[in-house]
Amino acid sequence: MLLVIFWGWLLYLNPEHKVVPDRYLLYHVNNEVVWIHDGKREPARRGVFIQDHHALLLSSKSDVMLIQNDGKSILLKEAGNFSFQQIKSRFSKLKETGVTSAFFTYVFEKFLKGEENETKQKITGVVFRGNELMQTPEDSSFAMIQPVILTWKTKQPAIPHKITVHVNGSVYDTIVRQQLKFTIPAHWFAIATSKAKLVRWKCYPADSKQADAIAARLFLVPASDDADIIQQQLKQLRMNYKNDQSLLRLMERDLLERWMEMYQVQQY
């Protein structure tokens, strides 16, 4: 029951909640799935809405997760053609929404808003940065424990490396030598403890001429009062979707964006 309250709290803080019937969001697509619509056949992709007269064609070993506006979700994983009416029928048979329904409702509305505004979706889950040098914290993640320790790997540990850290827009940097980790000093987080810290960081050889081209990693240090709630939400997601790591990672990133919106912090 407590988890239901947590997820419900996330949902109803969103003032744009509204009912949008008879369309289903493609949340996650795995392997070959074809979206059939308006006389066209094209690869199905995350963010597409399945509507009347649309259909999905799944090949062997493919699967797709769809979300309804109320947060109910289904996973199609059988090969074959699924019409809109067949999909609608499957949703109509669902009785329990589950503790993640508010989270899925948020995702549905996020994509719906993007479609209505004719803007490109900016869901965190589809932003895959990447720098093989940087290791932890994982990109687009939560950092619950302080002090926060940044780690990286390199084949040249003897050369100096530069660490650049943005904390809620403030920029810090330092040079480290013969190390593969760096503890962020407490004074870099010298903001009111009730406020979340959005951190963007990167590590690179100090003499690099391509520092601007290196993508930064992003993580959120939540307000102390919210840490337990977020831990519970992450625990629930990881328990429910532990057998599909790509889907789980997507959901963790979307959860991060939800909290960023609540804290009104930007990726800047």
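**Exercise 1.** Determine whether Leu248 is buried or exposed in this predicted model.

*Solution.* Leu248 lies in helix H5; helices (H or I, at least four residues) and strands (E, at least two) are DSSP runs numbered from the N terminus. Leaving aside residues up to four places away in sequence, Leu248 touches Leu237, Arg238 and Tyr241, where contact means heavy atoms within 4.5 Å.

Residues are numbered from 1 along each chain as its sequence is written. The model being predicted, local features need pLDDT of at least 70 and side-chain atom pairs count only at pLDDT 80 or more, while totals for chains, interfaces and linings use all residues; side-chain values use heavy atoms, without hydrogens and water.

**Exercise 2.** Describe how H4 and H5 are oriented to each other, and which residues meet.

*Solution.* Begin with the angle: helix H4 (residues 227–240) packs against helix H5 (residues 245–263) at about 160 degrees, and their axes are 10 Å apart. Axes are lines fitted to C-alpha atoms, for helices over the stretch in contact, and angles run from 0 to 180 degrees between N-to-C directions. Angles over 145 degrees count as roughly antiparallel, so H4 and H5 are roughly antiparallel to each other. Next come the residues: Ile229, Ile230, Gln233, Leu234, Leu237 and Arg238 of H4 meet Leu248, Met251, Glu252, Leu255 and Trp259 of H5.

**Exercise 3.** State the strand order of the open sheet of five strands and identify its edge strands.

*Solution.* The order is S10-S16-S15-S12-S13, with mixed pairing; two strands pair if DSSP finds at least two bridges between them. Strand S10 (141–142) and strand S13 (170–176) are the edges, each pairing on one side only. Within the sheet, strand S15 (residues 197–205) and strand S16 (residues 217–221) run antiparallel and are joined by five bridges. Phe219 in S16 is the bridge partner of Val199.

**Exercise 4.** Characterise the open sheet of three strands.

*Solution.* The strands follow the order S9-S11-S14 and pair antiparallel. Strand S9 (134–136) and strand S14 (181–183) form the edges. From one strand to the next, the twist averages 30 degrees. Two bridges join S9 to strand S11 (residues 149–152), and Met134 has Trp152 in S11 as its bridge partner.

Definitions and conventions
Angles under 35 degrees count as roughly parallel, over 145 as roughly antiparallel, 65 to 115 as roughly perpendicular and the rest as oblique.
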